[in-house]
Amino acid sequence: MALLEVKNLVKSYGDRNVLDGVSFELEEGEAKVVMGPSGCGKSTLLRCLNRLHEPTSGAILFDGEDVTDPGVDVRALRSRIGFVFQNFALYRHMSVLDNVALALRRLKKLPRREAEERALQELERMEMAEKRDAYPAALSGGQSQRVAIARALAMDPRVLFFDEPTSALDPIMVREVVTLINRLYLDNVTILCVTHDLNLARHISDRVVFLDRGKVYAEDRIEHLLARDADPVIDEFFGGED
Amino acid sequence: MRVDFPFFADLANYWPQIVRGLRDTILLSVTITITGLIGGIGVFALALSPRGLVRFATQSYISLFIGTPLIVFLFLLYYGLPNLGVTLSPFVIAVLGFTLNVSAYNARYLTIAYKGLDQAELESARAQGFSLFQVFRLITAPQSLRMSVPALTNQAIQNIKDSSIVFLIQYIEFFAQMQEVASRTFLFFKTYLFTAFVYLLLVSVVVLAARRVERKLAIPGLT
Amino acid sequence: MTFVEILLTLLKGAGYTLLITFSCAATALVVGLGIAMARELGGAWLSALLSAVVYVLRGVPMLVLLFIVFFGLPGIGLDVPPLPAMMLSLGLISGAYLSEVFRGAFAEVSPNEVLAAQSMGFTRFETLRVIKLPQMIRFAVPGIVNELTTVLKFSPFAYTVGLPEITKQAMALVATTMRGIEIYAAIGLLYFGIYRLLLAAVQLIEKRYSIPGFAQE
């Protein structure tokens with residue numbers, strides 16, 4: 001049984017289907033990247049999986065349980081998913097340490113000392129422990145993203161979701177973040193990453209789910225997808241790469 | 001202006017009632033600042049409700065109180081409530097009227113600050129699994145409050161000055177006492193000048209305190 | 001009294017309310033602009049003095065200042081009629097607040113345009129008049145609107161010096177009819193209506209005089 005099974009997921013706004021029957025699976029320890037042209041629905045997909053957006057129809061099985069069911073404890077579901085946003089979304093009025101420890105203290109109800117110890121562990125893993133007392137405004141983009149990843153990891157999630165993790169970074173920072181996520185991938189952290197960065201995709205995943213206009217157009221290993229330059233849609237997106 | 005000893009000697013006769021008045025002004029000002037702040041946070045929370053009807057009602061309340069004179073509302077309570085069989089002391093009426101009024105203003109300041117928040121932070125908090133109430137308590141409210149400190153402290157200063165109108169609903173505070181002193185001594189100009197000076201002093205104390213609060217609560221890296 | 005008779009009596013007061021509001025608003029604009037421009041042009045001493053004046057005006061309750069002018073000045077030989085007394089209290093205080101609005105708005109004027117004007121040979125006064133002032137006014141609009149509606153909300157106090165505006169009419173009506181709730185609720189809505197009309201009027205003026213491409217917010 002896969003950790004995450006998405007079956008025919010549909011998300012419509014009015015008469016427009018942003019997601020038009022998306023299906024794929026994610027095994028534990030696997031890392032998949034979701035790519036596709038603008039407007040293909042990739043960001044919406046992530047947000048449907050933790051019900052930040054409500055799916056219109058379809059099934060999402062997380063650890064075997066259908067989370068589209070209205071009776072599901074959505075908050076418990078969300079605390080099992082680590083979500084890293086494009087613009088980091090660190091809480092600007094709190095220090096780095098407090099950012100990472102917040103969920104541990106308020107959701108897991110850990111006492112302050114324990115929560116901070118656990119938080120420091122993740123910060124050390126992301127090489128940001130020395131900035132524990134700094135505030136987000138004082139951090140660079142790359143540092144912010146690392147803290148965001150530490151914050152997501154602190155709750156021991158079953159899977160990490162990334163929403164365009166490198167889009168807001170300059171090339172040097174992109175490299176440091178790619179290296180870190182790659183390390184997580186090598187540690188067998190389960191990853192689902194939305195991105196348009198091909199280099200990132202290569203370093204952190206096994207397979208790419210290629211979305212086009214709300215549907216899964218293809219799913220394959222990256223090299224195989226890139227080799228399919230006879231396919232107009234795929235060629236248009238990757239055009240000229242490798 | 002030469003220090004006018006005869007004037008102050010005159011004042012000394014009325015010293016007890018002046019001090020009482022001062023005490024009552026401070027009591028009222030502090031009370032309404034606190035209730036107005038708590039009320040403002042509550043109204044602000046309502047303004048963010050996911051239910052459209054609640055949001056609409058809240059915005060209407062805010063608009064209404066910001067758009068009408070405070071004294072009219074106080075009169076409404078003071079002269080109107082007895083018709084409904086409700087008799088309240090002038091102090092209670094003042095606190096009630098001021099709280100409803102000041103809460104609206106504070107809620108408005110907080111919603112203005114809210115518009116400047118990074119919505120992604122709020123989305124991130126929801127994604128972490130926090131409830132709506134937790135997001136409000138841990139992220140929205142602290143950030144909105146800290147970004148509104150200048151407006152909120154300004155309101156506190158305004159409260160001190162506005163407290164001078166309650167003599168019109170028979171609450172005898174400092175200004176009311178000074179009016180009596182003036183009519184007894186016939187030294188209207190000097191008495192009222194002295195009154196203005198005392199208010200200026202009270203306001204200045206708050207201004208100094210406000211600056212320190214602003215420094216302490218500013219979010220690092222912002223403003 | 002019928003409802004219509006009550007309404008008519010209140011509307012009589014509305015005329016005075018508008019007169020008071022406009023007089024005090026005009027005073028406030030003149031005073032506020034005067035202070036703000038003097039601080040832009042003047043030297044350190046003048047600015048410091050005006051700063052102190054503004055601080056005092058912003059720290060004194062309006063009613064207290066009104067009483068000083070109307071009840072106090074006669075004691076030293078100066079008799080001030082009710083409306084000028086309102087202008088010298090509410091008008092001056094609002095003028096002080098407006099001068100701060102203008103001060104902030106002046107700071108938002110693009111320094112490059114000022115430099116360009118100065119390098120073209122304009123004097124400080126000409127630069128102020130031709131470049132800074134027009135732009136500053138547009139930045140100041142929200143603050144001006146806010147302050148003018150505040151003037152409206154303080155206009156009821158004119159009744160304490162005998163001006164028969166809306167609130168005075170209401171008090172007389174309540175004394176005779178004892179219908180406190182209806183009457184004060186009615187004038188509350190009346191003031192609110194005038195407030196919304198003022199807002200709408202200002203928005204209309206703003207649209208007519210807006211510069212293409214000069215977007216705010």
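Helices (H or I, at least four residues) and strands (E, at least two) are DSSP runs, numbered from the N terminus. This is a predicted model, in which local features need pLDDT of at least 70 and side-chain atom pairs count only at pLDDT 80 or more, while totals for chains, interfaces and linings use all residues. Residues are numbered from 1 along each chain as its sequence is written, and chains are lettered from A and ligands numbered from 1 in the order in which they are written.

**View 1. B:N154 in helix 8 of chain B.** Helix 8 spans residues 149-162 and holds B:N154. B:V207 is 53 residues away from B:N154 in sequence, yet their C-alpha atoms are 8.3 Å apart.

**View 2. Where chain B meets chain A.** Here 21 residues of chain B are in contact with 19 residues of chain A (contact: C-beta atoms, placed from the backbone, within 7 Å). On the chain B side, helix 6 (119-128) and helix 7 (132-147) are the elements giving two or more residues, and helix 6 supplies the largest share, 7 residues.

**View 3. C:V64 against chain B.** Beyond its neighbours within four places in sequence, C:V64 contacts B:S164, B:F175, B:Y192, B:T195, B:A196 and B:Y199. Chains B and C share the most contacts of the 2 pairs of chains in contact.

**View 4. Chains A and C.** No contact joins these two chains, and their closest C-alpha atoms lie 23 Å apart.
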